[in-house]
Amino acid sequence: RVLALKETYELDNVLIEDVLSDVEHTALLVDSDICLVTQRPGTGASFLPSKLLKILALGRPIVTNADSDSSLGKAVAEGKFGLVTAPEDAEAMAGAIVDLLADEDRRRQMGEAGGLYVLQFEKEAVLAGFAALLEEMTA
């Protein structure tokens with residue numbers, strides 16, 4: 001279906017690739033000004049997409065179409081590392097992309113905010129929090 005849309009609208013600037021190796025995927029993210037993290041309505045109530053942490057660690061801002069009350073929507077609002085548009089609103093997502101592409105300072109600020117947000121998920125931070133919780137429970 002995506003290939004058919006690409007042909008119908010003559011989207012020569014859209015590249016469709018097979019699954020990339022980890023090295024190629026990282027290089028693609030590094031070269032990206034903005035990363036899209038898409039979700040179907042109602043699917044993100046209790047999880048963050050796995051690709052999100054890698055994107056944030058690389059300092060890239062995101063645009064997502066997540067439900068505002070989903071884990072992803074709440075994380076973006078809390079971490080200030082991207083923009084959330086309404087699910088299934090292609091015009092809003094396109095507008096967010098265009099607006100963010102036009103504002104390099106805002107992209108940089110969001111990328112920095114994402115880098116700070118992702119620190120809470122580093123192994124050392126998670127293990128330290130877990131150890132503190134265990135000590136509290138056994139005290």
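Two salt bridges turn up in a search of the whole structure. A salt bridge here is a side-chain nitrogen of Lys or Arg within 4 Å of a carboxyl oxygen of Asp or Glu. The model is predicted, so local features need pLDDT of at least 70, side-chain atom pairs count only at pLDDT 80 or more, and totals for chains, interfaces and linings use all residues. Residues are numbered from 1 along each chain as its sequence is written, and side-chain values use heavy atoms, without hydrogens and water.

Start with K54 and D22. Their closest N and O atoms are 2.7 Å apart. K54 lies in helix 3 (residues 50–57) and D22 in helix 2 (residues 22–30), so the pair ties together parts that are 32 residues apart in sequence. Helices (H or I, at least four residues) and strands (E, at least two) are DSSP runs, numbered from the N terminus. K54 is partly exposed, at 23% relative accessible area. D22 is exposed, at 57%. Buried means under 20%, exposed over 50%, and partly exposed in between (1.4 Å probe, protein chains only).

Next come R108 and E112, with 3.2 Å from N to O. Both lie in helix 6 (residues 104–118), four residues apart, about one turn of the helix. R108 is partly exposed at 42%, and E112 is partly exposed at 44%.

Three strands form an open sheet in the order 1-2-3, with parallel pairing. Strand 1 (35–37) and strand 3 (82–84) stand at the edges with a single partner strand each, so one side of each has no neighbour in the sheet. Two strands pair if DSSP finds at least two bridges between them. Three bridges join strand 1 to strand 2 (residues 62–64). C35 has I62 as its bridge partner in strand 2.
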